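Here's a friendly walk through a protein model. Take a look at the sequence and the 3D view, then read on.

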Amino acid sequence: MANSKPLSDSATEPVDTKLRSEHFKGSSAPKDISFIDNCTGQIAVFEGFFNYLSFATINKNQQAPLTNCLVLNSLSFLERSRPLMEQYSHVHLILDRDTAGRTNTAKVLQWDRDKYIDRSDFYQGRKDLNEWLIHRDHSREVSQKIGRRL
């Protein structure tokens with residue numbers, strides 16, 4: 001089982017929980033990053049928690065443990081998270097494909113192109129991994145409904 005470790009200055013400091021979608025936005029303060037330690041040598045970096053949940057859903061049948069995961073909850077925590085990311089041999093960037101996400105991906109790739117890897121091509125044509133997953137699942141449902149009618 002993965003250990004979720006908040007990164008904060010104090011062990012007693014509360015950790016932010018943030019969920020947002022087109023229909024819901026919820027958050028507690030203070031905002032912070034979330035770190036899921038699966039005891040691996042690589043890390044995947046997500047802009048938001050729904051993208052992390054989509055990643056976990058896509059990989060739910062994996063036999064090996066998932067990579068460690070860092071959920072920024074806000075791109076404003078990217079620079080602050082660099083020391084954590086630098087501890088890993090490979091950092092998989094799963095940031096949004098909007099202007100802010102693309103700008104920050106380009107910035108991080110300038111740090112070290114061998115260590116940092118842009119994985120957003122996987123969900124090309126979509127804003128983020130969650131939108132790609134929703135569209136993929138919707139397409140499957142439509143295909144199944146059409147198939148039942150034939």
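What follows goes from the overall fold to the cores, the rings and one serine.

## The big picture

Keep in mind that this is a predicted model. The protein chain has 4 helices and 8 strands. If you start at the N terminus and read along, the elements come in the order β-β-β-β-β-α-β-α-β-α-β-α.

The chain has 150 residues, and 38% of them count as buried. Its accessible surface is about 9,100 Å², with 51% of that belonging to carbon and sulfur atoms. Now look at contacts between residues at least 6 apart in sequence: 70% of these join residues at least 24 apart.

In soluble globular proteins, nonpolar side chains tend to be buried together. Here, the largest nonpolar core has 19 residues, and the ones touching the most other members are Val45, Leu70, Leu72, Met85, Val91, Leu93 and Tyr116. At least two residues of this core come from each of β5 (42-46), α2 (82-85), β7 (90-94) and α3 (99-111). Helix α3 gives the largest share, 3 residues.

There's also a second, separate core, made of 12 residues, with Phe46, Cys69, Val71 and Trp132 among them.

## Rings and a charge

The whole structure holds 5 aromatic pairs. One of them is Phe46 with Tyr52, an edge-to-face pair with 5.9 Å centre to centre and 75° between the planes. Phe49 and Tyr52 also pair up, with centres 5.4 Å apart and planes at 50°, so this pair is tilted. Both Phe49 and Tyr52 sit in helix α1 (residues 49-58), 3 residues apart, which is about one turn of the helix.

Ring pairs tie Phe46, Phe49, Tyr52 and Phe55 together into a cluster. Elsewhere, the charged end of Arg82 sits over the ring of Trp111, 4.1 Å from its centre.

## A tucked-away serine

Next, find Ser120 in the loop between β8 (116-118) and α4 (129-149). Is Ser120 buried or exposed? Its relative accessible area is 1%, so Ser120 is buried.

The side chain of Ser120 makes a polar contact with the side chain of Arg97, at 2.8 Å. Apart from neighbours within four places in sequence, Ser120 is in contact with Leu93, Leu95, Arg97 and Arg102.

Methods. Residues numbered from 1 in each chain as written. Predicted model: local features only at pLDDT ≥ 70, side-chain atom pairs only at ≥ 80, totals over all residues. Heavy atoms only, no water. Buried < 20%, exposed > 50% of the residue type's maximum accessible area, 1.4 Å probe, protein only. Polar contact = N/O pair within 3.5 Å; in protein donor to acceptor, adjacent residues only side chain to side chain. Contact = heavy atoms within 4.5 Å. Core = buried A, V, L, I, M, F, W, Y, C linked by side-chain atoms within 4.5 Å. Areas by Shrake-Rupley, 256 points an atom, 1.4 Å probe, with all protein chains shown as cover. Phe/Tyr/Trp six-rings, centres within 6.5 Å; stacked < 30°, edge-to-face > 60°. Lys NZ or Arg CZ within 6 Å of the ring centre and 35° of its normal.
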